[in-house]
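Visitor: I would like to learn how to read a few features of a protein model, taking them one at a time. Could you guide me through them with the structure in view?

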Amino acid sequence: MRRTDLEVLRIALCAAVILAHALIIFSADPNYHIKSAEPSQFATLATEFIRISAMATFFTIAGYTAVASLRARGPLEFARTRVVRLFVPLLFGVVTSGTIIKYIEMMQGRDFGFHGLRKARTLQQMLDVDPSVPLGFFDFFPRNLGILNLLTWSHLWFLGYLLIISLMLLPLLVLLARRAPDPSKLNAAVLFLPALPLGLYLAAFDGYWPFLPNLIGDRTNFFYFAMYMTFGAMIAAWPGIDVQLRAQAPRFAVLMALAFAGVAYFGVSTPGRVFVGLTAWFCVCAALGFAIRFKPAVATPALTYLAAATLPVYIIHHAVLLLIGVEVMNLPLPVWSKVTVILLATLAVSLAIYHWLIRPWRPMRWLLGMGTAPAAVSRAPDSAAAKPALSQ
């Protein structure tokens, strides 16, 4: 059964991530590819909230759709599909978007990677060429592809984490897919209980901050996101969870707001990490609950189109955003105006690239995780043609 509520939520989350990337240019967090000279407290808090809530929700949805996918295919086919629809776009994104992102970053005198943030050496030094020769983008690319420090997966860490977690949890996902869904009503208290253990887990193992998803020093966050994917898989196995998510959504929203007030007050600290866990859990539950409450009755052409666009837009948007952000961030405008311009321009350009350069072409569709169905098929509102890309 097609979950239009999850499709709407996924589209909203993709837009929220783009907004977060626009905001973080102006936040106090130094760990980003480009930075405004004057940080904004509003941008700092807004970025933190989106980052805390959006990625946990993404992994939860991915857990649900993984179980739904395994009900229609065997585990080997599921694993093969995951590799094609996650690893191929990840590799393509690192070579294309990642190259543009790294070039912009280095031009800003920044070097952001597995090592964290440090002052960049010049590109001439990195490429071992005459330091007096100015280097353009095509002097940088494709020579950068042979130098590990000149590669970045940037926002595409999500695809890498999702692929590895999906394969790691495969035995559990298969088990949940093979059992008959349990429609019995769940006690509402059960959905409130995981919040505190998740917060204590982050506090005990110094999770979340600094937010540097690199698989090397990020084990706490890796398993934290795996827990959310497990929760999503459990929702697919116990539909009664949906009933309580819908009923308790307003309470979850209130608790989310209170918990985030704790994050804002305590900041990067042990109590702050506890409140991060509380905020994320209550936000995931509230988002799912309200999505169910306002679930579209039918999949409109616009919903089908945007659901199919989420993964390609997610992959390509960041390079577009940074190119726009470099030009906008120092304009004599209020921060909210600059964020708005960057957001809207990024959405417009990214969707245009998707519509004309990706959607109609089979090779591009395959490279960006959409499968190879021709555009004429992808316009049909059936579930097979329009299956949401980020969940597969």
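Visitor: Which helix gives the largest share of the nonpolar patch?

Guide: In this predicted model, the largest share, three residues, comes from helix H3, which spans residues 75-95.

Visitor: How many salt bridges does a search of the whole structure find, and which parts does the one between Asp 242 and Arg 3 tie together?

Guide: A salt bridge is read from the distance between a side-chain nitrogen of Lys or Arg and a carboxyl oxygen of Asp or Glu, with a cut-off of 4 Å. The search of the whole structure finds eight, and in one of them the side chains of Asp 242 and Arg 3 meet at 3.1 Å, N to O. Asp 242 belongs to helix H12 (residues 240-266) and Arg 3 to the segment before helix H1 (4-24), so this pair ties together parts that are 239 residues apart in sequence.

Visitor: At roughly what angle do the axes of H14 and H15 cross?

Guide: The axes of helix H14 (residues 301-328) and helix H15 (residues 335-358) come within 7 Å of each other and cross at roughly 130°, which means that H14 is oblique to H15. The crossing of these two helices is right-handed, and the contact of H14 with H15 has, by class, 19 nonpolar, five polar and one charged residues.

Methods
Residues are numbered from 1 along each chain as its sequence is written. This is a predicted model: local features need pLDDT of at least 70, side-chain atom pairs count only at pLDDT 80 or more; totals for chains, interfaces and linings use all residues. Side-chain values use heavy atoms; hydrogens and water are left out. Axes are lines fitted to C-alpha atoms, for helices over the stretch in contact, and angles run from 0 to 180 degrees between N-to-C directions. Helices (H or I, at least four residues) and strands (E, at least two) are DSSP runs, numbered from the N terminus. Angles under 35 degrees count as roughly parallel, over 145 as roughly antiparallel, 65 to 115 as roughly perpendicular and the rest as oblique. A crossing is left-handed if the near helix is turned anticlockwise from the far one by less than a right angle, and right-handed if clockwise. Ala, Val, Leu, Ile, Met, Phe, Trp, Tyr, Cys and Pro count as nonpolar, Asp, Glu, Lys and Arg as charged, and the others, Gly among them, as polar.
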